[in-house]
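Please look over the structure shown below before reading on. The text then goes through it step by step.

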Amino acid sequence: MPSGRPVATLTGHTHLVKDIAFSPDGKRLATASDDGTIRIWDTATRKTITALRDLPLLLFAVTFGTDGKLLATAGIDGARLWNVDFPADPFAAVCDLEREQMSREDWMLYLPEESYRRVCP
């Protein structure tokens, strides 16, 4: 029975969250913040999948396209479209592309909330 209480608190943004949007399949959530980032969350694990950075500090809106592969954002500098069609296994995709382990520096840049680990065979 629904309790009317929150089931999760998503942490990671450092300023006000201005807008949120669920992907069409409900598996991802996008949040737009005045910290200049858009975060894409996995709704099952409640963890950040990725953070889109270097955005204007004034973001107003975020929404997924009908197929969930594009994300539209609106900010003080205008509107942008982002490809958010992530592979099912992003680690395998990186290993296939790079053919080597991700460096600690790259890991911290792209996966700051995850502890570094070797993911390529």
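This is a predicted model: local features need pLDDT of at least 70, side-chain atom pairs count only at pLDDT 80 or more; totals for chains, interfaces and linings use all residues.

The protein chain has 121 residues, of which 31% count as buried. It contains two helices and seven strands, and in sequence order these elements follow the pattern β-β-β-β-β-β-β-α-α. The C-alpha trace spans about 45 × 45 × 30 Å along its principal axes. Taking the contacts between residues at least 6 apart in sequence, 33% join residues at least 24 apart. The chain exposes about 8200 Å², and carbon and sulfur atoms supply 56% of that area.

The interior comes next. In soluble globular proteins, nonpolar side chains tend to be buried together. Here the largest nonpolar core is made up of twelve residues: Ala 21, Ala 30, Ala 32, Ile 38, Ile 40, Leu 52, Leu 55, Leu 59, Val 62, Phe 64, Leu 71 and Val 84. At least two residues of this core come from each of strand 2 (28–33), strand 3 (38–42) and strand 5. Strand 5 gives the most, with three residues. Apart from neighbours within four places in sequence, Ala 30 is in contact with Asp 19, Ile 20, Ala 21, Arg 39, Ile 40, Val 62, Phe 64 and Leu 71.

The strands run antiparallel and are joined by five bridges, strand 6 covering residues 70–75. Within this pairing, Ala 61 stands opposite Ala 74 in strand 6.

Leu 58, Phe 60 and Ile 76 form a nonpolar patch on the surface, and together they have about 290 Å² of accessible area. Leu 58 sits in the loop between strand 4 (47–52) and strand 5 (59–64). Its relative accessible area is 36%, so Leu 58 counts as partly exposed. Elsewhere, Gly 4 lies in the segment before strand 1 (17–22). Gly 4 counts as exposed because its relative accessibility is 79%, where the cut-off for exposed is over 50%. The C-alpha atoms of Gly 4 and Ala 44 are 19 Å apart, with 40 residues of separation in sequence.

The charged pairs remain. Side chains of opposite charge can pair when their charged atoms come close. How many salt bridges are there in this model? The count comes to two. One joins the side chains of Lys 18 and Asp 34, at 3.5 Å from N to O. This pair links distant parts of the chain, 16 residues apart, with Lys 18 in strand 1 and Asp 34 in the loop between strand 2 and strand 3. Lys 18 is partly exposed, at 34% relative accessibility, whereas Asp 34 is buried, at 17%. Asp 34 falls in the buried class because that class takes in values under 20%. The other salt bridge is formed by Asp 77 and Arg 80, whose closest N and O atoms are 2.5 Å apart. Asp 77 is partly exposed, with a relative accessible area of 44%, and Arg 80 is partly exposed at 31%.

Definitions and conventions: Residues are numbered from 1 along each chain as its sequence is written. Side-chain values use heavy atoms; hydrogens and water are left out. Patches are made of residues with over 30% relative accessible area and no salt bridge: like charges are joined within 9 Å, nonpolar side chains (Val, Leu, Ile, Met, Phe, Trp, Tyr) within 5 Å. Accessible areas come from the Shrake-Rupley method with a 1.4 Å probe; for residues, only the protein chains shown count as cover. A salt bridge is a side-chain nitrogen of Lys or Arg within 4 Å of a carboxyl oxygen of Asp or Glu. Helices (H or I, at least four residues) and strands (E, at least two) are DSSP runs, numbered from the N terminus. Buried means under 20% relative accessible area, exposed over 50%, partly exposed in between (1.4 Å probe, protein chains only). A nonpolar core is a set of buried Ala, Val, Leu, Ile, Met, Phe, Trp, Tyr and Cys residues joined through side-chain atoms within 4.5 Å. Contact means heavy atoms within 4.5 Å. Two strands pair if DSSP finds at least two bridges between them.
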